[in-house]
Amino acid sequence: MKPFSFMPKFFQRYQMNSTCKATTNIPMLTFNNGKKFPLFGLGTWKSKPGDVTCAVMYAIDIGYRHIDCAYIYGNEKEVGRGISMKICDNTVQRNELYITSKLWNTFHEPCLVKSAIEMTLSNLRIDYLDLYLIHWPFGWKAGDDLFPRTNDGKSIFSKVDYVDTWRAMEEVCKNGLALSIGVSNFNERQLNRVLQIAKIPPVTNQIELHPYLTQKNLTEYCKSRFVMLTAYSPLGSPDRPTYSADEPELLKDKRLEELAKKYNKTPAQVLLRYQVQQRRITIPKSVTPARIRENMEIFDFEISKSDMGYIDTFNKNLRFCASLESVGHEHYPFTVSPCP
């Protein structure tokens, strides 16, 4: 089969053919609304538009069924292209896929939520989302500028209360534009406020989770309220834009490397297994075929209880994704000092 003309060269040796069949049946979880959802998926944050189409196609070919997206990632159209091509070539049907996206900060006004999800659906070439999240609990000034700033570079905040945004999220759910709805980056108090008024409770809270940031109090609270956790940046996100060379790099932690040797796995696989073994939806990002496959090969081993506890001791309360431009907003969710 001739490689698709838009494929990057590094993908051409992974052509979409019979050698790229699904290798793993990913376990399913059940949300508090009774709907099933995959425990593991492909993240698309930081994936360049030129690479992400092929990454999505390859991931679907080898068995991924959950694709995590967001309007602000700037690559939804390319993600949608990959999804559309795998549906068109009969690799999957739409109802076999689980697509997540997120409401951006400039669309928090209730009257804007429906149009925001409709733009995302158009970009992704689908009729509904399986999961739609409020990306952050704080809103920014509505308008065409997705990062509104003053002349001196400060973010322009909106006074919209995320509780009112949630009510609009419930409407798009009732209208069938999203089968399930949830939140992202909400702290315990913020999630509690939503739960107190919700007619449709959030099914998940997508938060930064890795051994340097275990967030035990928040994770226990979510569990007690039947709100599933989704772990983003489970590998510590070393390729994030705010990476600093003087900060600790999780994947190079000597203790983690020792555990990887013990289980005959890579450090990344141990980190991913650590999350899924706690029944958390886990969404590592990659556009490299070998890593996309490697990331999924975590269902053939189990970390011992003692080693799970040992990994817990790595915690530094070290937050890599802190959205520092929103410090000072009344709904800024973090109190722990972010990574410098």
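Predicted model: local features only at pLDDT ≥ 70, side-chain atom pairs only at ≥ 80, totals over all residues.
## Annotated residues

UniProt positions are given in the numbering used here, feature names are shortened, and annotations may be inferred rather than shown by experiment. The unreviewed UniProt entry marks Tyr73 as "active site".

Residues are numbered from 1 along each chain as its sequence is written, and side-chain values use heavy atoms, with hydrogens and water left out.

## Overall make-up

The protein has 10 helices and 10 strands. These are DSSP runs, numbered from the N terminus: helices are H or I with at least four residues, strands are E with at least two. Of its 340 residues, 56% count as buried. Buried means under 20% relative accessible area, exposed over 50%, and partly exposed in between (1.4 Å probe, protein chains only).

Contact means heavy atoms within 4.5 Å. Among contacts in the protein with a separation of 6 or more, 75% are between residues 24 or more positions apart.

## Tyr73 and His135

Tyr73 sits in the loop between strand S4 (66–68) and H2. Its relative accessible area is 18%, so Tyr73 is buried. Leaving out residues up to four places away in sequence, Tyr73 touches Thr44, Trp45, Asp68, Lys102 and His135.

His135 belongs to the loop between strand S6 (131–134) and helix H4 (162–174). His135 counts as buried because its relative accessibility is 8%. Beyond its neighbours within four places in sequence, His135 is in contact with Ala70, Ile72, Tyr73, Lys102, Leu103, Trp104, Ser184 and Asn185.

## Asn185

Asn185 lies in the loop between strand S7 (181–184) and helix H5 (188–197). With a relative accessible area of 3%, Asn185 is buried. Its side chain reaches the backbone oxygen of His135 at 3.0 Å. A polar contact of 3.2 Å also joins the side chains of Asn185 and Ser184. A polar contact is a pair of N or O atoms within 3.5 Å; within protein, one must be able to donate a hydrogen and the other to accept it, and residues adjacent in sequence count only if both atoms are side-chain atoms.

## Positive phi values

Most residues other than glycine have a negative phi. Asn185 has a positive phi of about 65° although it is not a glycine. Asn90 is another non-glycine residue with a positive phi, near 70°. Asn90 is in the loop between helix H2 (76–88) and strand S5 (98–103). Its relative accessibility is 68%, so Asn90 counts as exposed.

## Packing of H2 on H3

H2 and helix H3 (residues 110–124) pack at an angle of about 50°, with axes 7 Å apart. H2 is therefore oblique to H3. Axes are lines fitted to C-alpha atoms, for helices over the stretch in contact, and angles run from 0 to 180 degrees between N-to-C directions. Angles under 35 degrees count as roughly parallel, over 145 as roughly antiparallel, 65 to 115 as roughly perpendicular, and the rest as oblique.

H2 contributes Glu76, Lys77, Val79 and Gly80 to the contact, and H3 contributes Thr120, Asn123 and Leu124. By class, the contact residues are 2 nonpolar, 3 polar and 2 charged. Ala, Val, Leu, Ile, Met, Phe, Trp, Tyr, Cys and Pro count as nonpolar, Asp, Glu, Lys and Arg as charged, and the others, Gly among them, as polar.
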